[in-house]
Amino acid sequence: DATIAEHEPSFGLTRLTFKGHSLYVPLQTLGVGEPLRIHILSSDVTLVRCLSPLATSALNMLDATVVEIKEADQATVDILLDVGCPLVASVTKKSLSNLDILPGQRLCAHIKAVALIEELTD
């Protein structure tokens, strides 16, 4: 659950706020202050170790804590994150190993704003 914080029509974006975080999504028709429920697919979340600033095109970067890691299939795992509310990231086992991800670890979750287009218009 989020709230419309502001619109940036020149960029075609709306900024949402939830639990102290912001998310950019495609421009919405709701007014500032209006509530909006969002659904983020785990496949649209990437994880980054937050040791140094990273130049990225992803507008949505959330500080996250790893809560749990579950095997999804032979090649992937689902990582349950706490960003003030639950968020799941699906990554390959190779990425899990390369980043040495463990429960309790702090990471940055990146979500592309364009990945949210379909979810918000359905």
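Q: Two strands pair if DSSP finds at least two bridges between them. How many bridges join strand β6 to β9?

A: Six bridges join β6 (residues 60–71) to β9, and the two strands run antiparallel. Strands here are DSSP runs of E, at least two residues long, while helices are runs of H or I of at least four; both are numbered from the N terminus. Two notes on the source. The model is predicted: local features need pLDDT of at least 70, side-chain atom pairs count only at pLDDT 80 or more, and totals for chains, interfaces and linings use all residues. Residues are numbered from 1 along each chain as its sequence is written, and side-chain values use heavy atoms, with hydrogens and water left out.

Q: What is the order of the open sheet of five strands?

A: Read β5-β9-β6-β7-β8, with antiparallel pairing. β5 (45–48) and β8 (86–92) are the edges; each has a single partner strand, so one side of each lacks a neighbour in the sheet. On average, neighbouring strands of this sheet are turned by 45° against each other, direction ignored. For such angles, axes are lines fitted to C-alpha atoms (for helices, over the stretch in contact), and angles run from 0 to 180 degrees between N-to-C directions.

Q: How do I read the pairing of β5 with β9?

A: Take the sense and the bridges. β5 and β9 (residues 106–111) are antiparallel, with four bridges. Then look at opposite residues. Thr46 stands across from His110 of β9. Leu47 stands across from Ala109 of β9. Recall that Leu62 is also opposite Ala109.

Q: What joins β6 to β7?

A: A hairpin, through four residues. The two strands run antiparallel, with six bridges between them. Glu71 has Val77 of β7 as its bridge partner.

Q: Where is Asp82, and which residues is it in contact with?

A: Find the strand, then the contacts. Asp82 sits in β7 (residues 76–82). Contact means heavy atoms within 4.5 Å. With neighbours within four places in sequence left aside, Asp82 is in contact with Asp63, Ala64, Thr65 and Val67. Thr65 is 17 residues from Asp82 along the chain, yet their C-alpha atoms are separated by 5.2 Å. Asp82 is partly exposed, at 40% relative accessible area.

Q: Which backbone nitrogen lies 2.8 Å from a polar atom of the side chain of Asp82?

A: That of Gly84. A polar contact is a pair of N or O atoms within 3.5 Å; within protein, one must be able to donate a hydrogen and the other to accept it, and residues adjacent in sequence count only if both atoms are side-chain atoms.

Q: Is Gln28 buried or exposed?

A: Gln28 counts as buried because its relative accessibility is 15%. Gln28 belongs to the loop between β3 (21–26) and β4 (35–36). A polar atom of the Gln28 side chain lies 2.8 Å from the backbone oxygen of Pro26.

Q: Which residues does Leu59 touch?

A: Leu13, Tyr24, Ile111 and Ala113, if residues up to four places away in sequence are not counted. Leu59 is in the loop between β5 and β6. Its relative accessible area is 42%, so Leu59 is partly exposed.

Q: What is the order of the open sheet of four strands?

A: β3-β2-β1-β4, with antiparallel pairing. β3 and β4 are the edge strands, and each pairs on one side only. Between β1 (residues 2–8) and β4 there are two bridges, in the antiparallel sense. Ala2 stands opposite Leu36 of β4.

Q: Which residues lie nearest the centre of the largest pocket?

A: On a 1 Å grid over the protein atoms alone, a pocket is an open set of points where a 1.4 Å probe fits, with protein on both sides within 12 Å along at least five of seven lines; lining residues have an atom within 4 Å of a point. Here 16 residues line the largest pocket, and Ile38, Ile40, Cys85, Pro86 and Leu87 lie nearest its centre. β8 gives the most to this lining, with three residues.

Notes:
Buried means under 20% relative accessible area, exposed over 50%, partly exposed in between (1.4 Å probe, protein chains only).
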